[in-house]
There are 2 protein chains.
Amino acid sequence: MTNQLDSFFGAMADPTRRAVIEQLASGPASVSALHAPHKMALPTFMRHLRVLEETGIVRSIKKGRVRTCHIEAAPLIEAQGWLAWQREIWESRLDRLESLTHDIARNEEE
Amino acid sequence: MTNQLDSFFGAMADPTRRAVIEQLASGPASVSALHAPHKMALPTFMRHLRVLEETGIVRSIKKGRVRTCHIEAAPLIEAQGWLAWQREIWESRLDRLESLTHDIARNEEE
DNA sequence: GAATTAGTTAGCCATATCGCTAAGTGTATT
DNA sequence: AATACACTTAGCGATATGGCTAACTAATTC
């Protein structure tokens with residue numbers, strides 16, 4: 001993975017990891033609380049968490065034997081920004097195309 | 001890959017494929033035009049295109065020996081929507097947390 | 001201080017992904 | 001008719017990913 005977006009999109013490509021994000025969106029949670037809804041073995045799940053943490057989407061602090069995880073905003077915002085940017089270019093092009101089509105239609109009416 | 005978002009994010013995780021999206025955002029292009037900026041072999045590149053097409057991000061029509069590709073809006077919009085939704089939940093929670101912190105601060109002042 | 005709980009480390013296996021080359025198909029172009 | 005062009009198909013190899021079990025560490029709880 002080369003840059004921020006690579007690892008971000010890579011991280012979001014897995015349903016388990018997206019589910020973790022969804023759960024964390026409504027508040028911090030421990031590893032076992034996050035693991036509970038998923039059928040997979042804990043080590044397997046931990047790997048998903050590590051991916052999210054390495055990507056900077058999730059941060060965690062260990063207190064005693066409990067590790068508490070929470071979301072980090074920046075990567076989500078950056079990705080959303082990229083998508084919005086693409087969409088902007090693409091929609092403005094569609095607009096131009098549409099007005100062009102109108103022009104053609106008008107010419108044909110004459 | 002289970003659902004739309006899985007394959008979408010998976011597709012966007014590769015820099016070559018994001019570059020293709022960026023190029024297509026400003027207008028349709030042929031396979032070779034899309035391939036030109038990339039150093040990889042054509043078959044390798046074609047695989048990336050196929051991923052984008054299978055995901056529904058790109059569509060293409062072949063006329064004569066030239067295949068012309070263009071962007072399809074829906075998947076980008078859906079993904080952006082998902083991110084926006086997550087962010088909304090997460091930001092509203094932050095707001096609640098902040099007001100809670102204010103309350104605590106106020107209590108401590110008393 | 002023994003047992004339980006919460007997470008961690010190590011290592012295995014199957015499949016997916018990303019790169020390549022070589023050779024083939026069908027459409028222009030000369 | 002021969003050549004060149006624009007893909008396309010087939011198949012290889014290396015690495016990454018997502019799952020597992022077994023065994024371990026450290027912090028509570030009884």
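## Phosphate contacts of DNA strand D

A backbone N or O atom of Ala41(A) sits 2.8 Å from a phosphate oxygen of DNA strand D, a polar contact (a pair of N or O atoms within 3.5 Å). In this predicted model, local features need pLDDT of at least 70 and side-chain atom pairs count only at pLDDT 80 or more, while totals for chains, interfaces and linings use all residues. Residues are numbered from 1 along each chain as its sequence is written, chains are lettered from A and ligands numbered from 1 in written order, and side-chain values use heavy atoms, leaving out hydrogens and water.

## The surface near the strand

DNA strand D is surrounded by 21 residues, each with a heavy atom within 4 Å of it; Ala41(A), Thr44(A), His48(A), Ser32(B) and Met46(B) are the closest.

At least two residues each come from α4 (42-54) of chain A and from α3 (31-35), α4 (42-54) and β3 (66-71) of chain B. With four residues, α4(A) gives the most.

## An enclosed helix in chain B

Over in chain B, helix α1 (residues 4-12) has eight of its nine residues buried, so it is largely enclosed by the rest of the structure. Buried here means under 20% relative accessible area (1.4 Å probe, protein chains only). Among the buried residues are Leu5(B), Phe8(B), Phe9(B) and Met12(B).

Notes
A polar contact is a pair of N or O atoms within 3.5 Å; within protein, one must be able to donate a hydrogen and the other to accept it, and residues adjacent in sequence count only if both atoms are side-chain atoms. Buried means under 20% relative accessible area, exposed over 50%, partly exposed in between (1.4 Å probe, protein chains only).
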